[in-house]
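The following paragraphs lead the reader through selected parts of a structure. Please keep the sequence and the coordinates at hand while reading.

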Amino acid sequence: MLIDGHGRTVNYLRVSVTERCNFRCQYCMPEKPFSWVPRENLLSFEELFLFMKVAIDEGVNKIRITGGEPLLREGLDTFIKMIHDYKPDIDLALTTNAFLLPQTAQRLKDAGLKRLNISLDSLKPEVAQQIAQKDVLEQVLKGIDKALEVGLGVKINMVPLKGINDDEILDIIEYCKERNIKVRFIEYMENAHASKDIEGMHGREILEKVKERHTIKALGREGARPSFNYILDDGYEFGLIDPHKHDFCENCNRIRLTAEGNLIPCLYFDEAMSIAESVKKGDIQGAADVLAQVLKDKPKENRWSEDNPNEENISTRAFYETGG
Ligand code: SAM
Ligand code: SF4
């Protein structure tokens, strides 16, 4: 079992397979970064997998593939199959913007993928375009339909932004309710890479919007999941991911691996240790030692704050590097 320096059990590994993306979401990667990680610095799927096997053997039972946009990385279905074949009962999920799903969903399902989290910030083409800085909505909706058609589990992620898509919170609930899928509203997390022109909504403001049409009841946090769940008067359940809240980190169960092999203990902080050298040499003990050190150093909590979100509480970590 993997236990961190604060006594929390870590059983969840998020693996970013690329930092590249075909969208330019204002809250994540509004402009193409000054330089991408050179392709030769990316770990191969075999190298990533070598570390993942160490983590799985030590107790990781949930893996999420993310990015950047993970569907941009060639051979992703083969990578998913490697993981699935090694441990078929692993909870294997992927986070995607869905743009490439119409042509990839079936292959991902056949490879052993179980679930998808899909980002859907608007149901209006012009607003989706304003956020992603590309005309994306039609293709994203097709991607969601295809994922459901092939039998993948789907959850929707929405990041509400003031004056941009905050009037669509109720519409997104209706869209998800009609398809019997769950939506999680994510508080915008301030970071140095995002557009300076956007303002996120706090959890309580998001809930106020929902209350304009519904009575809601709090259900509580779902185990170690970051999402706090609520139920509507008609029985529909949705989640709120509220990292600005102080109890958010108490049950944190995750670590993150980037495409170039940095093992990151917390989404907020810059600290990381590299497993690249170990996996390139096939040094399993070296990789296990880095994992142990990262767990020991995992911070107690992030520094996003409800009281002062816009000044010193800005993370310098890029979401497109860590995979969110
Ligand atoms: N490209 C994929 C996607 O968009 O779903 C996967 C990577 S993306 C970094 C993972 C998640 O992080 C998405 O749901 C996205 O909405 C969320 N995200 C990115 N930047 C964020 C921010 N500044 N605050 C809150 N959520 C953010
Ligand atoms: Fe790309 Fe996802 Fe970031 Fe949007 S949130 S820019 S889709 S990585």
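In what follows, Ala, Val, Leu, Ile, Met, Phe, Trp, Tyr, Cys and Pro count as nonpolar, Asp, Glu, Lys and Arg as charged, and the others, Gly among them, as polar. The model is predicted.

Around ligand 2 are Cys21, Phe23, Cys25, Tyr27, Cys28 and Met29, together with Gly68 and Asn97. Classified as above, this shell around ligand 2 holds six nonpolar and two polar residues, and no charged residues.

A pair of helices comes next. Helix H6, formed by residues 169-179, packs with helix H7, formed by residues 203-211, at an angle of about 70°, and their axes are 9 Å apart. Angles of 65 to 115 degrees count as roughly perpendicular, and H6 and H7 are therefore roughly perpendicular to each other. The crossing in which H6 passes H7 is right-handed. On the H6 side, Ile169, Leu170 and Ile173 take part in the contact, and they meet Ile206, Lys209 and Val210 of H7. By class, this contact of H6 with H7 has five nonpolar residues, one charged residue and no polar residues.

The last stop is a loop residue. Pro226 lies in the loop between strand S7 (216-221) and strand S8 (227-232). Is Pro226 buried or exposed? Its relative accessible area is 13%, and buried means under 20%, so Pro226 is buried. Leaving aside residues up to four places away in sequence, Pro226 touches Arg221, Leu240, Ile241, Asp242, Phe248 and Arg254. Of these contacts, Asp242 is 16 residues from Pro226 in sequence, and the C-alpha atoms of Pro226 and Asp242 are 7.5 Å apart in space.

Notes. Residues numbered from 1 in each chain as written. Chains lettered and ligands numbered in written order. Predicted model: local features only at pLDDT ≥ 70, side-chain atom pairs only at ≥ 80, totals over all residues. Heavy atoms only, no water. Near = heavy atom within 4 Å. Axes fitted to C-alpha atoms, helices over the stretch in contact; angles between N-to-C directions. Helix = DSSP H or I, 4+ residues; strand = E, 2+ residues; numbered from the N terminus. Parallel < 35°, antiparallel > 145°, perpendicular 65-115°, else oblique. Left-handed = near helix turned anticlockwise from the far one by under 90°. Contact = heavy atoms within 4.5 Å. Buried < 20%, exposed > 50% of the residue type's maximum accessible area, 1.4 Å probe, protein only.
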